[in-house]
Amino acid sequence: MDNSSVSYLESRKLVKRWSGPIPALVNTFLILAFFYATWWIFQDPRGLMRMYTPYVGYMVCRWLLILFIWLAYIFDFWPFKRSWLNKTHPLIKGAVLTLVSVAAMIILMKGFFVEILGNFGIAYFNPDRLMAMGITEFYAIEYAAEAIMMFAAIASWLSPSWVVACENAPWQKLGQPARGITIVLVTFFLSMIVYFVTMHSHMAILFYPWQKFTAICPPYWEEFANTVSGNFHIAWIMCCTVVVWLYETIWERYPFNLIKHDGLRRVTSFFGIIAIAVALCFFLFYAQDLVWGTTIRGTRRLMAPDWRWLHVGEMAIFWLVPTLFLNFYCNNWPTKFSRPVNVCIRTLLTAALAVVVYVIYYKTSHLFLGTQKGFSHPQQFPMIPMIWLINIFLINVWFMDGWPGWKAVQKTEAELENHQNDVVASDVKWTQGIAKGLGIGLVAGALLYFAIIKALPWVGANITIIK
Amino acid sequence: MSTNRNNISRRDFVKGAATGLVAGTFASMGMYSYSPWAYSQLPKTQRNQQDFGTCRSVRVTNISETSWFNNAHLIGDIHEAGGLLVNQYTLNWAPLANGKGSGKGSYEEGISTIKDLLPHDLEKAWEIQKKLSLHPENPGGYSCLLEVEALDGTVRKFLLDTGWSYEWMDSCFKREGIDQMLRDQEIEALFISHEHWDHFWGLPVTMKYDNRIPLYVHDGFYKEGLQYIKDSGYKGEPVIVNKPVTQIAPGMALLKFDVPIINRVFGETSLAFNIKDKGLVLVSGCNHQGILQFADFAFTNLKYDNDKFYGIYGGLHISPFEDWDPKYDDLVIALGQWGFELIGCNHCTGHLTAKKFVEAGYPVVRGTARFRSASEDYLGNGDKITFG
C-alpha cells in the first residue's frame, strides 16, 4: 500500500509544529478570531452583509458544510492534484479550496435549486415565483432559503454516511471524478427522497390553502410528534449528522468495525448510526420535558413541541463542536487505553463538554453575536454559529492541514496499515471477559441514564442559565 | 500463567464494560425516553392559584390596531436593514430616524432632531421625522382603552399601549375621546406591552395630554427605551415590572413574560381579568409569548371564576406580516380545546389566522373594517368588545 492508493486525508499525518498545548492554543485563538471576523462580515445582524435573516445565513452555512464534505471526503479534492495538495502552502490551499467550495455552493443554490427546480419543478424553491403569487420579497426569500436549507440538512447526514458507514461501496474502486460524481448523485437522489417524505409536507402547509394535492397534509407524523412542523425530522436528521461524525472521529468506527463481512458491516453501520441518532433524539426531547415541563401544542417558543424538536437538533450540534475539537486539536485524547475504553472516555468527556459549550453559548452569545438572550427565539438558530464554527474547523484541518499549529507529512506504510485497522478492527475479540463486562456495562449504562433523567427535573428547578 | 490469564480477562472485562456503558446508555435513551412509561412518571402540574379578585366586566375599545398600513414596505425595510434580528432603533423609522438610510439609524441621533419638540409640538416633530425616515406614511400604531367595571359598578379606565405615528395616534385618540380622558386624568395607568415601535414609539402622544400618568414597562426594556420615556416628556417614575404577577385592581392583573422578540426587543407584559361568573379574559398587545403560553401561565398561577377561559382580546402575533409557519397550524388545531367563548383578535394576529380560526369554527368576533382597518374578519379600529 502507498499514499496514492488512499484518499488525501488518509494519506497524511498531521504533526505538531511545537510541543505541548501551544499548537492547540494558537489554532484555537486564530480560529476564534477568524470565526468572529467572518461572522461579523457575513452573518451578524449588526455587521456588513447581515445574512442572518435568519434563513439565508442558515442555508449558506449548511450548504458550505456539504460542499466541504463533498470536496474533501467524496471527491478527494478532485480536480486538484495530489502533488498540488502536498506542495502548496496551507494558506493558499485553504483560500483556493474554500473559494471553490463557495463558488460551487452558489452554482448549486442559485443554478439548481432556484433556477432549475424552482422554475421547472417546485415553485417554493424560487423567490420570484413566490413574489409573483403575492408573498412579500422578504418571506419569499426566507421560504425558498428554508426549503434549500432543509435539503442540506438531509445531505449533511447522507453524504458523509455513505463514505463513513458504507465505505463508498460499491464504487470504492472507481477513480475520481467518477466515484465522486456517482456518490454525489446517489446521495443527492436519496436526499431528495428523504426530503419529500420529511420536509415537503412542511413546506406545503406554509401556503394557504394547504397544498393537499401535492403533499400529504396534515403530515403523517402529526400524532406521533404532536406537531405538523417538519422540525420533528430536523431533530433526528441532525442527530444522524452528529452521530456520523462521532462514529468517524472519537469512536474510530467502533464497534461496527468489528464486523468482518464487508456488506454486513456497512449496512449495520449505516442503520446503526440511524438507530443511535433516534435514541439520542428521543432522549434530548424527553430531557427538555424534564427540565422545562411537558409541551403545550399550539403555543410558541420554549413550550412548543415544534421548537423542542428543533432544539434537539441544536443540542446535538453542541455535541459536535467539542467532538471535532477533541479529534482535530487534541489528537483524539485519550489514546493510551484500549479502543473501547478510549471511546467510552471520549464519549463521556465530549458529552460533558457539550453541556459546557451549551451553557456558555446561552449565557454569553447575545453579548457578541448580535443575537438576543433566551433559549427560544423564532428567528434565532444556534446551529448557525455552531455550524459556522465547524466549517472553520474543517477549513483549517481538511484544507489547511491544521496550519499553523500542525503540518502535514506523508504516512508511512505501517501507519497506512493502521488506518485499515480502523475500518476493519480486530483488537476486540469475543471472550468470556468481554461478555461479562458487556453485561455489567449495559446495566451500568441503564443506571447512568436513569440517574440523569432523575437529576434533570432538579436541574430545571434549581439552575438558571439565562437570567 | 494463571495470573496472565486473569490479566487478560480483566482487560477484556474492562473493554466489555466500557462498550456496555455507552451502549446501555444509548439503548435506554432509545427504549425509554419517548415512551408512555417515561411520560407517566412526570409530575402533574402543581397549580398555585393566586386570588386576584373579581370584576363584573371589561369593555375594550380598539383605538387602533393598524400598526402599519403597507406590509411590503415594513418588511422590506426590515429586510433591507438585515432581517428580523436587527436592532429596531437602527431601522431608521420615524420618529427616531437620522436620515442616514436603512440599518444606519441611532437612537441618540434620531431623538436629537425632535427632542425639544416633545411632547408639546408633535405635528412639527413628525414633519421633521417624515423627511428623515423610511416610508414615513407607513406608521400607524396599536392601542386600546380598557374600561373595567368593578363589582360595585364603578368603572376604572386604563390604556394598553400608545401606538407609533404621532399623527395617526393623535387622530385616533381624538376620534375615541382618549385625549380628553387623559387631560381629565380619568385614565389610571398606561401599560406598555413591549418595546416595539408600533406599541411604544407613540408615547409622546399620551404625554401631550397627561405626562404624569402611571406608566408600567417590562424590565427587559433597553436603555434607549428607558431614555425615550424621559425624552418623551414623562414627568413621573415608570414602574418597572419585575414580578410574574402584579395585581392592578380587583379582578385585573398584569402578567410578565420574559421572551426574546424580533428586532432586539425583550419581554412582554399582558393583562388578565377575572370576570364574575364567566371566567378569565386575556388581553395582550402582541402576545409574543404565545396565547396558549399566556393561558397556561394563567391556568397555573391564577384563580378565576368557573376555572374557565372566557375571552381573548388583542394581537396574537401569529402571522403579523401575513407570513406562515406550520407551527401556527398547531395553534389553529389546538386552540379549540381551551374553550374560549369570545375571541376578539386583531393586529398581529394576521388576516390569514383569523380566516383559519373562522374556518375551524372558533368564536371570532367580526369587525366593521372602519378607519383604515383592512378586513371585517376581526375587530378593527373603533370597534368595541365587552366581556361580561
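1. In which crossing, left-handed or right-handed, does H3(A) pass H7(A)? The crossing is left-handed. Before we go on, please keep in mind that this is a predicted model. To find the pair, look for helix H3, residues 55-74 of chain A, and follow it to H7(A): their axes come within 8 Å and cross at roughly 25°. An angle under 35 degrees counts as roughly parallel, and H3(A) and H7(A) are therefore roughly parallel to each other. The residues in this contact are 20 nonpolar, two polar and three charged.

2. A second pair in chain A is worth a look. Helix H11 (residues 231-248) and helix H13 (residues 305-329) of chain A have axes that come within 7 Å and cross at roughly 15°. That angle makes H11(A) roughly parallel to H13(A). H11(A) passes H13(A) in a left-handed crossing. On the H11(A) side, the residues that take part include A:Phe232, A:Met238 and A:Trp245; on the H13(A) side, A:Trp309, A:Ile317 and A:Leu324 are among them. Sorted by class, the contact of H11(A) with H13(A) holds 16 nonpolar, three polar and one charged residue.

3. Now for a pair with another geometry. Helix H12 (residues 262-292) and helix H17 (residues 432-462), both of chain A, pack with their axes 7 Å apart and at an angle of about 45°. That makes H12(A) oblique to H17(A). Here the crossing is right-handed. H12(A) brings A:Ala287, A:Leu290, A:Val291 and A:Trp292 to the contact, while H17(A) brings A:Ile453, A:Leu456, A:Pro457, A:Val459 and A:Gly460. By class that gives eight nonpolar, one polar and no charged residues.

4. H12 and H17 of chain A turn up again where the two chains meet. In that interface, 70 residues of chain A are in contact with 58 residues of chain B. On the chain A side, the elements that give two or more residues are helix H7 (137-164), H12, helix H14 (339-368) and H17. Which of them gives the most to the side of chain A that touches chain B? H17(A) does, with 16 residues. The residues on this side of chain A divide into 37 nonpolar, 24 polar and nine charged.

5. Let us move to chain B as a whole. Chain B has 13 helices and 15 strands. Its C-alpha atoms fill a box of roughly 100 × 55 × 40 Å along the principal axes. Of its 388 residues, 56% count as buried. Of the contacts in chain B with a separation of 6 or more, 69% are between residues 24 or more positions apart.

6. B:Leu122, B:Ala125, B:Trp126, B:Gln129 and B:Leu132 are buried. Seen down the axis of H5(B), these buried residues fall within an arc of 115°, so they line one face of the helix. What covers the buried residues of H5(B) includes helix H6 (166-176) and helix H9 (203-209) of chain B.

7. B:Phe52 sits in the loop between strand E1 (50-51) and strand E2 (57-64) of chain B. Is B:Phe52 buried or exposed? B:Phe52 counts as buried, because 23 C-beta neighbours lie inside 10 Å. Leaving aside residues up to four places away in sequence, B:Phe52 touches B:Gln247, B:Gly251, B:Ala253, B:Asn274 and B:Leu302. Take B:Gly251: it is 199 residues from B:Phe52 in sequence, yet the C-alpha atoms of the two are 5.5 Å apart.

8. Finally, some backbone details to check in the loops. The peptide bond from A:Tyr254 to A:Pro255 is cis, with omega near 10°, and A:Pro255 lies in the loop between H11 and H12 of chain A. In chain B, the bond from B:Leu118 to B:Pro119 is cis, with omega near -5°; B:Pro119 lies in the loop between helix H4 (107-112) and H5. B:Asn306 is not a glycine, but its phi is positive, at about 60°. B:Asn306 is in the loop between strand E12 (302-303) and strand E13 (309-315) of chain B, and with 13 C-beta neighbours inside 10 Å it counts as partly exposed.

Note on methods:
Residues are numbered from 1 along each chain as its sequence is written. Chains are lettered from A and ligands numbered from 1 in the order in which they are written. This is a predicted model: local features need pLDDT of at least 70, side-chain atom pairs count only at pLDDT 80 or more; totals for chains, interfaces and linings use all residues. Axes are lines fitted to C-alpha atoms, for helices over the stretch in contact, and angles run from 0 to 180 degrees between N-to-C directions. Helices (H or I, at least four residues) and strands (E, at least two) are DSSP runs, numbered from the N terminus. Angles under 35 degrees count as roughly parallel, over 145 as roughly antiparallel, 65 to 115 as roughly perpendicular and the rest as oblique. A crossing is left-handed if the near helix is turned anticlockwise from the far one by less than a right angle, and right-handed if clockwise. Two residues are in contact if their C-beta atoms, placed from the backbone, lie within 7 Å. Ala, Val, Leu, Ile, Met, Phe, Trp, Tyr, Cys and Pro count as nonpolar, Asp, Glu, Lys and Arg as charged, and the others, Gly among them, as polar. A residue is buried if 20 or more other C-beta atoms lie within 10 Å of its own, exposed if 12 or fewer, and partly exposed in between; C-beta atoms are placed from the backbone. The arc is that of the directions from the helix axis to the C-beta atoms.
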